[in-house]
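User: I would like to learn how to read pockets and charged pairs in a model such as this one. Could you take me through them, with the general idea before each case?

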Amino acid sequence: QRSSKKRDTFRICYLRTIRYTNAGARKFRFPSQNRRYRFRTTYKLRNDGRWPSLHQQYGEAVITQERLKELLYYHPASGDFVWIAAPSKRLPHLIGRQAGVLKETDGYIRIRIDGKNFYAHRLAWFYVHGDWPTGVDHEDTVKCHNWLGNLRPATQAENTCNVKPRSKNKLGEKNIAQRNGKYVVHVQKNGKQHYFGSFKALPVAIVVRDEAIERLHGEFARTA
């Protein structure tokens, strides 16, 4: 009979094959074509027997609030983390310095603790409340503004509601598209598109769009 430890684990096999061309470039092939390269990663199931989330796989399942407060101090008004203890014996010079690195590609601040990278806004929520939410939304949409009043728990669908218009948007207005000389209003909620009509005048379409977003998105509504 297998032990409970083995029963509570599962394995994910990453099968990847790399073929080098004459020019030195790497090309990836399907795993079924060649199974020589195997990368195995083992995760433990949660206490309730469910599959671990992506955040838990990256370390949130092992860090505790006591360990976090032992290493860092969080300023709720400014959103900054400061090292109050060295994260390792080789880094005593970090004590008293601000923690975290801003990644320019996505705008988030990450903090490395015990060999794991954590998002600073999720650490801030965990530092104060002691639990990991499904998601954390920045109310002002700026991903590096991590003061407590700017953070709120949100699902992925709610988080996508609170976004600004994309830079490629020619009209500069969310949820409005120009088709055949008219302005069409579509608002998405929980993956489903809701149609609110087409209008000849842009100001009329904006008014309809604003009312639709307020009704569908609630506290996460953002029109600009």
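Analyst: Let us begin with the pocket lining: β13 gives the largest share of the lining of the second largest pocket, namely 4 residues. Helices (H or I, at least four residues) and strands (E, at least two) are DSSP runs, numbered from the N terminus. This is a predicted model, in which local features need pLDDT of at least 70 and side-chain atom pairs count only at pLDDT 80 or more, while totals for chains, interfaces and linings use all residues. Residues are numbered from 1 along each chain as its sequence is written, and side-chain values use heavy atoms, with hydrogens and water left out.

User: Which elements each supply at least two residues of the lining of the second largest pocket?

Analyst: A pocket is, on a 1 Å grid over the protein atoms alone, an open set of points where a 1.4 Å probe fits, with protein on both sides within 12 Å along at least five of seven lines, and lining residues have an atom within 4 Å of a point. Here α5, β12 and β13 (182-189) each supply at least two lining residues. The lining counts 23 residues, and R166, K174, N175, Q188 and Q193 lie nearest the centre of the pocket.

User: How many salt bridges does the structure hold?

Analyst: Side chains of opposite charge can pair when their charged atoms come close. The term salt bridge is kept for a side-chain nitrogen of Lys or Arg within 4 Å of a carboxyl oxygen of Asp or Glu, and the structure holds 6 of them. In one of them, the side chains of E173 and R209 meet at 3.0 Å, N to O. Because E173 lies in the loop between α5 (156-161) and β12 (176-179) and R209 in helix α6 (residues 202-217), the pair ties together parts that are 36 residues apart in sequence. R209 also meets D210 in a salt bridge, at 2.7 Å, N to O.

User: Are E173 and R209 buried or exposed?

Analyst: Buried means under 20% relative accessible area, exposed over 50%, and partly exposed in between (1.4 Å probe, protein chains only). Both E173 and R209 are buried, with R209 at 1% relative accessibility, whereas D210 is partly exposed at 26%.

User: Where do E70 and R67 lie?

Analyst: Both lie in helix α3 (residues 65-71), 3 residues apart, about one turn of the helix, and their side chains meet in a salt bridge at 3.3 Å, N to O. E70 is partly exposed at 47%, and R67 is partly exposed at 24%. A network of salt bridges links R67, E70 and D114.
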